[in-house]
Amino acid sequence: MKKPKQTQMNPNWVQLQQKLKLNGSKASRTYDSEDDTPNSILGKRKERLNDDSDDCEINPLDPVNDDASLTDAVAMDCEMVGVGQGNKSALARVSLVNKWGNVIYDEFVRPMERVVDYRTKISGIRPQDLRKAKDFCTAQKKVAELIHGRILVGHALSNDLKALLLSHPKKDIRDTSEYPPFLRSSGRVALRHLASEHLGAKIQTGEHCPVDDARAAMMLYQRNRKEWEKSVKGNFRKQKKRKKNKEAK
């Protein structure tokens, strides 16, 4: 009877098999507790990651999926630079995310006037960012298309819309700087404080990221959406009733 022909193993697999056998013999003794158990390769890697916890800390604002479709609600945030004498703001970057926080639009925008102050410490904008940036009209048109007929979420949206020279129906605006449960006796609360308090997220610790800011606003809205929409409908009914009573007089 012929012996079956032995297939030659790939040297890499042979080396791996030898390592596994070696590890198996080292791990043959029993352990009384979890503390006595040696770390696996994965365990060691995990331990090293935990040693540098700041770098690998999970960002609460990270999207849970990669669906970048256009949804019924979108969040927007813009960054500005100084033009004119420097005290006049002009759009330099606009970012929009969908209801899951995935980016649907994020572009640097070339202002129509000469930039005299990039405000980099806050805006994060640098001269090289604007060299191949979209012209203002192109960006404005695209944003107008994306927000049309949708709920627009953001923080102090009047500033962003003003920079874009756009308007949006008041009934479709969800502004986290104006939502009553987010207000304090002293007035409006900064987005970074709302994100920290309600989401456990750190934003605007240095240069601002409009994507993170838009994600924070969207998450604040989504977590309060049911009550928020209920209050919007209630206010709309009240306004309609007042208008009707006024017309009747």
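Me: Which residue of β3 is the bridge partner of V94?
Reply: The bridge partner of V94 in β3 is E107. The model is a predicted one.

Me: What makes β2 and β3 a pair of strands?
Reply: Two strands pair if there are at least two bridges between them. Strand β2 (residues 88–97) and strand β3 (residues 103–110) are joined by five bridges, in the antiparallel sense, so they count as paired. The two strands form a hairpin, with five residues between them. G101, in the turn, has a positive phi of about 90 degrees.

Me: What makes β3 and β5 a pair?
Reply: The cut-off is at least two bridges. β3 and strand β5 (residues 134–135) have two bridges and run in the parallel sense, so they meet it. Opposite D135 in β5 stands R110.

Me: Why is P111 called buried?
Reply: Buried means under 20% relative accessible area. P111 has a relative accessible area of 11%, so it is buried. P111 is placed in the loop between β3 and β4 (115–117).

Me: Which residues is P111 in contact with, leaving aside neighbours within four places in sequence?
Reply: They are V81, V83, A90, L91 and L130. For V83, the C-alpha atoms can also be compared: those of P111 and V83 are separated by 8.4 Å, with the two residues 28 apart along the chain.

Me: Why does A75 count as buried?
Reply: The limit for buried is under 20%. A75 has 0% relative accessibility, and therefore counts as buried. This residue lies in strand β1.

Me: What does A75 touch, not counting residues up to four places away in sequence?
Reply: A75 touches S95, L96, V97, V153, A214 and M218. As for G101, its C-alpha atom and that of A75 are separated by 8.2 Å, and the residues are 26 apart along the chain.

Me: Which way do the residues of β6 point, and are they buried or exposed?
Reply: In strand β6 (residues 151–154), I151 and V153 point one way, while L152 and G154 point the other way. All of them are buried.

Me: What makes β6 and β7 a pair?
Reply: Three bridges lie between β6 and β7, in the parallel sense. Two would be enough, so the strands pair. Opposite G154 stands D175 in β7.

Me: Why does S123 count as buried?
Reply: S123 has 2% relative accessibility, and so counts as buried, the cut-off being under 20%. S123 is found in helix α4.

Me: How do you know that the side chain of S123 makes polar contacts?
Reply: A polar contact needs N or O atoms within 3.5 Å. A polar atom of the side chain of S123 lies 2.6 Å from the backbone oxygen of Y118. The backbone nitrogen of I125 lies 3.0 Å from a polar atom of that side chain. Both values are within 3.5 Å, so they meet the distance cut-off. Not counting residues up to four places away in sequence, S123 touches E79, M80, Y118 and H208.

Me: What lines the largest pocket?
Reply: The largest pocket is lined by 19 residues, and K170, I173, E178, V232 and N235 lie nearest its centre. Its volume is about 540 Å³. The element giving the most to the lining is α10, with six residues. The lining divides into nine nonpolar, four polar and six charged residues.

Me: What is the volume of the second largest pocket, and which residues are closest to its centre?
Reply: The volume of the second largest pocket is about 350 Å³. It is lined by 16 residues, and D77, C78, E79, Q204 and H208 are the closest to its centre. β1 gives the most to this lining, with four residues. The division here is six nonpolar, five polar and five charged.

Key:
Residues numbered from 1 in each chain as written. Predicted model: local features only at pLDDT ≥ 70, side-chain atom pairs only at ≥ 80, totals over all residues. Heavy atoms only, no water. 1 Å grid on protein atoms, 1.4 Å probe; cavity = no way out; pocket = protein on both sides within 12 Å on 5 of 7 lines; lining within 4 Å. Points joined across faces, edges and corners; volume = space filled by probe spheres on them. Nonpolar A, V, L, I, M, F, W, Y, C, P; charged D, E, K, R; others polar. Buried < 20%, exposed > 50% of the residue type's maximum accessible area, 1.4 Å probe, protein only. Polar contact = N/O pair within 3.5 Å; in protein donor to acceptor, adjacent residues only side chain to side chain. Contact = heavy atoms within 4.5 Å.
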